Amino acid sequence: MKILVLIGNVPDTTTKIKFNADKTAFDASGVQWIINPWDELALTRAMELKEANAGKVESVVVANVGRAITEGTLRKALAVGADEAIRVDADPLDAFYVASQLAAVAKDYELVLAGIEAADYNSAAIGGMLAELLDRKSISAVSGIDFDGDSLKVSREIDGGSQSLKMELPLLAIVQKGIAKEPRIPAMRGIMMARKKPLNVLAPVEAETLTAYNSFEMPAPKAACKMINEEQAGDVIRLLHEEAKVL
Amino acid sequence: MNFEFTEEQLMIQQAARDYAQRELIKDVIERDNKAEFPTEHVKNLADLGFMGIMVDPKYDGSGMDGISYVLAMEELSKVDGSASVIVSVNNSLVCFGLEEYGSEEIKEKYLKPLARGEVLGAFLLSEPEAGSDATMQRTTAEDKGDYYLVNGTKNWITNANCASTYILIAQTHPEKKHKGINAFVIEKNTPGITLGPHEDKMGMRSSDTHSVMFNDVKIPKENRIGEDGFGFKFAMKVLEGGRIGIAAQALGLASGALERATAYAKERKAFGTEIGNHQAIAFKLSDMAVKVENARNLCVKAAWLKDQGKPYGVASAMAKQYAADIAMEVTTEAVQIFGGYGYTKEYHVERLMREAKLTQIYEGTSEIQKIVISRDLLR
């Protein structure tokens with residue numbers, strides 16, 4: 001089995017988010033990039049599956065759609081242990097465009113792992129779209145994957161409980177928290193070896209975009225907190241109505 | 001001229017940060033309280049390659065440069081000075097000393113397991129009456145023909161109990177003074193070696209510090225490092241590099257305290273606003289940030305010189321003296337910013353302050369660094 005893990009290149013979660021002057025695009029200047037946290041967990045689980053199934057999992061490959069700026073993120077995925085990286089050299093214009101690019105790459109992999117959402121635009125759409133484009137079975141909200149060498153045991157959270165399923169390959173699994181305990185920290189040996197691993201850059205295929213961004217807005221800053229002491233408790237309703245204007 | 005770190009250096013920094021902020025932080029206060037050695041963490045750090053960061057991969061090290069080492073030491077020290085001193089001693093005193101000056105046999109037998117982190121090393125130089133004045137070695141290593149016979153006591157030995165490999169400095173030819181000193185690699189379980197009690201320290205409490213007594217201990221001839229009489233020069237050369245590790249540790253204690261104090265100043269309110277909006281606190285943070293930045297630049301510069309194969313003894317002395325002194329200042333100010341909370345253990349800064357004090361003392365006091373720097377100036 002060959003595993004492909006989709007790797008989103010997203011701003012570090014502590015980044016101060018800014019937009020350009022007309023608020024139509026994210027301002028990426030000075031941003032530190034990281035692997036999308038859900039994808040990082042997916043990669044960690046892929047490495048665990050490879051290590052636990054020596055020989056049966058031939059390779060773990062990572063792929064993303066992005067310009068050269070995303071290579072640091074791919075290199076980190078190689079340092080964590082991926083055997084090879086693929087970068088489709090294009091701006092990730094929208095979910096459909098990205099899924100179309102990945103469809104050209106993913107067809108050779110029996111198992112494709114996609115994080116359930118991305119920490120940037122949060123469209124939570126690429127995994128599902130990619131499965132459709134590949135005409136392949138997919139399963140979402142996966143929080144556990146085991147592989148016995150032949151078939152996959154998959155568990156997922158459902159309302160009020162969990163579900164355990166046996167799945168056949170090929171499969172696209174959209175994974176969420178729980179898929180791996182913690183993202184794996186790359187060892188120095190891995191960081192050193194990442195230099196020598198292949199990072200293949202592919203030209204994009206023709207694909208359309210289905211989304212246009214009109215404008216972005218920052219959430220309103222948190223309003224000041226007003227403390228009300230016990231004696232004023234009776235005023236709460238009036239204050240919520242007159243001052244906070246939420247009632 | 002370029003102030004950018006490489007992609008690899010940044011990856012190592014991030015790996016160290018992730019481990020420190022995710023794992024070391026969990027039990028750091030408890031280990032400090034109980035003076036408990038971080039056995040599990042040392043094993044994990046070894047698996048990640050932190051025990052032989054700069055050692056050539058042909059001796060099972062990670063093959064990274066000195067700048068990576070500084071970045072890793074800073075990140076680990078932001079959270080836990082005890083864990084970082086264990087890393088520092090193993091890397092920049094023991095592994096460096098053996099790789100640079102040990103014979104091929106010594107490297108095969110002793111350096112490899114140390115670089116893999118399977119065993120730990122300790123560096124035995126200080127004595128009850130020979131601290132800053134390391135020329136006055138009372139521990140003797142008599143040349144008995146096919147072996148050396150060692151007698152004496154070593155003091156303040158980091159990793160003394162948990163280490164299996166010691167580098168020992170001892171006097172072979174007292175009449176030649178410091179030119180008669182030798183360095184040896186020796187296994188801790190050699191008959192005649194006993195440990196004093198665990199030192200109950202003010203800070204770095206979960207590092208493992210003891211005195212070590214030698215009573216008619218036999219060391220094979222081939223375990224001597226370098227030519228006869230090379231020991232003092234060896235110790236001084238190794239300490240030149242070791243200073244970079246401790247400088248980076250001091251830097252991390254300071255920058256860790258600055259990060260905590262800054263976050264607190266954005267949250268804590270007094271007189272109707274966040275305390276960071278009061279100039280008294282804002283200017284303190286500003287002063288702390290300048291000191292931390294200066295210390296980082298000195299550390300990285302010293303490491304860069306070492307990586308380039310250029311002389312770095314004075315640069316590492318400057319980095320160590322400055323970083324240690326500002327670590328004390330910055331951590332003390334951090335406690336002040338936290339006020340009463342800072343004086344309790346829960347908020348970490350009091351521990352960073354206790355740990356910072358040791359960086360002014362060990363691996364060459366701040367005063368000794370000033371001797372190194374001023375002697376070079378006045379030469």
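Strand S1 (residues 121–124) of chain B runs parallel to strand S4 (residues 165–171) of chain B, and four bridges join the two; strands are DSSP runs (E, at least two residues) numbered from the N terminus, as are helices (H or I, at least four), and two strands pair if DSSP finds at least two bridges between them. In S4(B), Ile167(B) is the bridge partner of Phe123(B). Gly121(B) and Phe123(B) point one way from S1(B), Ala122(B) and Leu124(B) point the other way, and all are buried (20 or more other C-beta atoms within 10 Å of the residue's own, with C-beta atoms placed from the backbone).

This is a predicted model, in which local features need pLDDT of at least 70 and side-chain atom pairs count only at pLDDT 80 or more, while totals for chains, interfaces and linings use all residues. Residues are numbered from 1 along each chain as its sequence is written, and chains are lettered from A in the order in which they are written.

Chain B is divided into domain 1 (7–120), domain 2 (122–232) and domain 3 (239–378), with bounds from an automatic or database domain assignment. The contact between domains 1 and 3 of chain B takes 22 residues from each, where contact means C-beta atoms, placed from the backbone, within 7 Å. On the domain 1 side, helix H1 (7–34), helix H3 (66–79) and helix H4 (81–101) of chain B each give two or more residues, and H3(B) gives the most, with eleven.

Turning to the two chains, their contact takes twelve residues from chain A and 15 residues from chain B. Helix H2 (71–80) and helix H5 (188–194) of chain A each give two or more residues to the chain A side.

Note on methods: Buried ≥ 20, exposed ≤ 12 C-beta atoms within 10 Å, placed from the backbone.
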